[in-house]
Amino acid sequence: MRITDIQRCEVRPGRLVEWTLSPATVEVATGLPEDSRPPAYIQESHIRTAKCVREDGLFVPTWLGTAFDLPGPVDLDVLQEALRAWTVRHETLRSGFRWVGEELRRFTLDAADVSLSREDAGDFPDADDLVGHLQDRFDTVADALRWPNLIYTAVVRDDGASVYLAFDHSNVDAYSLTRAPAEIHELYAAGLAGTEPGPRATAASYIDFCEIERADADGIDGRHAIVGRWREFIHRCDGVLPSFPVDLGLEPGGPLPRQQMLCEPLADAAEAAAFEAYCRPYGGSLVGLLAATALIVHELGGQPVYRTVVPFHTRVKSRWSESVGWYVGGAPIEVPVERNPGFPDTLRTVRAQLQANRPLARMPLARVLSLLGADFRPTSPDLYSIVSYVDARGIPGAERWAELKAHGLLRVSYGDQVCVWVNRLPEGLWVASRYPDTDTAAKNLRLYVERLRDHIASVAHGSLPAVS
């Protein structure tokens with residue numbers, strides 16, 4: 001689905017209905033004993049970062065969300081039960097954290113104790129007013145430092161409804177959100193028909209994954225080879241994690257800047273297919289996008305080596321494939337571009353880097369940083385800049401995303417890094433980016449996207465030599 005923000009996802013006027021976890025559910029949660037399963041390192045890092053930034057005097061919303069339409073007159077009782085059933089299915093959505101001194105301790109509700117409260121927020125005849133209200137509500141409720149930190153809404157009209165769900169990032173990643181529309185549609189359709197939804201595998205618990213991953217991570221020390229590889233990479237980055245290597249117009253030591261959003265088509269379906277075919281001998285479109293990025297940022301910024309951290313999912317076993325959670329790690333790569341290599345040579349370099357370093361993504365970076373002993377006190381919600389690629393066409397329901405106006409939602413607030421997401425959809429490639437709100441960053445991100453678009457088109461239309 002297309003990644004965008006709440007301002008650009010075709011919000012239309014209507015009557016707004018909101019659901020949150022009920023007061024009875026919250027009351028039960030306050031008395032729950034500790035769940036011995038620990039937070040994932042990525043969860044703990046996210047929450048501690050939010051706490052640090054808040055203590056520095058800045059409120060930085062970082063929620064994720066999804067939006068999609070339900071056709072026809074909507075039965076709100078049935079929709080409420082579908083939302084409750086979906087929430088119960090994914091254990092992490094009924095789990096939270098409380099501070100015990102300086103430690104984060106988990107608590108988890110039983111499925112039977114989860115219920116939703118519905119409130120009618122009134123009619124919103126103006127779309128801009130509705131967007132502002134939704135963003136304010138999501139900022140307030142889907143906040144890393146509170147619980148519950150999720151909220152469901154529907155904008156109801158005579159011919160259907162638009163559903164908007166928002167979550168603190170600690171419980172979801174983008175892949176989790178792309179699966180939600182089809183699952184909730186299935187539950188809602190079964191509820192309308194008075195039948196049970198079709199057979200579906202039990203969703204494995206992200207909390208179980210957290211326990212397994214944390215135990216593995218806690219089993220290494222500073223002498224581990226993965227820690228050594230990261231130590232060398234960070235040393236070559238002058239002791240920090242890599243930023244996007246172009247001028248962003250930032251003042252050194254200045255306050256955390258506001259961000260802007262860029263989201264638009266990057267290539268049509270035919271061009272996306274041709275680009276993939278060209279890059280397939282070297283690993284496909286991800287390799288191609290990183291190789292093109294390395295060449296483009298060298299043109300724009302002049303850095304002799306493109307260094308970045310590539311995000312990879314950590315759903316390495318099929319049992320986690322239907323699970324909602326934050327299954328993301330990062331692998332460092334270094335691509336020399338000073339001697340202006342051509343695209344085929346850069347493809348080879350990127351492929352070799354990914355093959356050598358992808359296993360590093362299985363070790364949580366927060367654990368590695370703690371073992372390095374460096375002062376990585378986070379002052380920004382993003383530790384580093386990224387260029388991410390996902391082929392989303394195989395996700396259940398992807399063929400209906402355009403019809404249902406399905407979007408993945410990002411909150412754009414503050415940050416000094418550049419994050420770029422490229423998704424392959426049935427209609428082609430879609431790019432979205434968060435970047436610092438400066439004139440220089442806007443100019444250079446525009447140049448980057450235009451040159452990336454041109455590069456993909458030149459590959460697709462046979463303007464580059466064949467890969468051998």
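Student: How do the side chains of Glu81 and Arg84 meet?
Tutor: First, keep in mind that this is a predicted model. The Glu81 and Arg84 side chains meet in a salt bridge, with N to O at 3.0 Å.

Student: Where do Glu81 and Arg84 lie?
Tutor: Start with the general idea. An α-helix has 3.6 residues a turn, so residues three or four places apart point the same way. In this case, both Glu81 and Arg84 lie in helix α3 (residues 76–89), three residues apart, which is about one turn of the helix. Glu81 is partly exposed at 40% relative accessible area, and Arg84 is partly exposed too, at 24%.

Student: How many salt bridges does the structure hold?
Tutor: It holds 33. One of them pairs Glu34 with Arg105, where the closest N and O atoms are 3.3 Å apart. That pair links distant parts of the chain: Glu34 is in the loop between α1 (23–30) and α2 (41–55), while Arg105 is in strand β5 (residues 103–108), 71 residues apart. Glu34 is partly exposed, at 48% relative accessibility, and Arg105 is partly exposed as well, at 29%.

Student: Which residues are linked in a network of salt bridges?
Tutor: Asp35, Arg37, Glu91 and Asp208 are linked that way. For another pair, look at Arg393 and Asp391, whose side chains meet in a salt bridge at 2.8 Å, N to O. Arg393 counts as partly exposed with 39% relative accessibility, and so does Asp391 with 35%.

Student: What about Glu271: is it buried or exposed?
Tutor: Glu271 is buried, yet it has no salt bridge. The cut-off to keep in mind is that a salt bridge needs a side-chain nitrogen of Lys or Arg within 4 Å of a carboxyl oxygen of Asp or Glu. For Glu271, the nearest side chain of opposite charge is Arg453, 7.2 Å away. Glu271 sits in helix α8 (residues 269–279). Leaving aside neighbours within four places in sequence, Glu271 is in contact with Ile456, Ala457, Ala460 and His461.

Student: How many bridges join β2 to β7?
Tutor: Five, between β2 (residues 14–21) and β7 (residues 150–157), and the two strands run antiparallel.

Student: Which are the edge strands in the open sheet of four?
Tutor: That sheet has the order β9-β15-β14-β12, with mixed pairing. Its edge strands are β9 (259–268) and β12 (386–391), each pairing on one side only. Neighbouring strands there are turned by 15° against each other on average, direction ignored. β9 is joined to β15 (residues 428–436) by nine bridges, and those strands run antiparallel; Gln259 stands opposite Pro436 in β15.

Student: Which helix packs on that sheet, touching β12 and β14?
Tutor: Helix α9 (residues 285–301) does, and its direction makes about 155° with that of β12. Helix α12 (residues 439–460) lies across β9, β12, β14 and β15, running at about 10° to β9.

Student: Which residues of helix α11 are buried?
Tutor: For a helix, list the buried residues and then ask what covers them. In α11 (residues 365–372) they are Leu365, Arg367, Val368, Leu369 and Leu372. Their cover includes α2, α6 (206–218) and α7 (225–236). After α11 comes Gly373, with a positive phi near 75°.

Student: And the whole chain: how many helices and strands are there?
Tutor: Twelve helices and 15 strands. For overall shape, compare the radius of gyration with that of a compact globule: with 468 residues the globule would be near 23 Å, and the chain has 22 Å, which agrees. Buried residues make up 56% of the 468.

Technical notes. Residues are numbered from 1 along each chain as its sequence is written. This is a predicted model: local features need pLDDT of at least 70, side-chain atom pairs count only at pLDDT 80 or more; totals for chains, interfaces and linings use all residues. Side-chain values use heavy atoms; hydrogens and water are left out. Two strands pair if DSSP finds at least two bridges between them. Buried means under 20% relative accessible area, exposed over 50%, partly exposed in between (1.4 Å probe, protein chains only). Contact means heavy atoms within 4.5 Å. Axes are lines fitted to C-alpha atoms, for helices over the stretch in contact, and angles run from 0 to 180 degrees between N-to-C directions. Lys and Arg count as positive and Asp and Glu as negative; His and the chain ends are not counted. The radius of gyration is taken over C-alpha atoms; the globule rule is 2.2 Å times the number of residues to the power 0.38.
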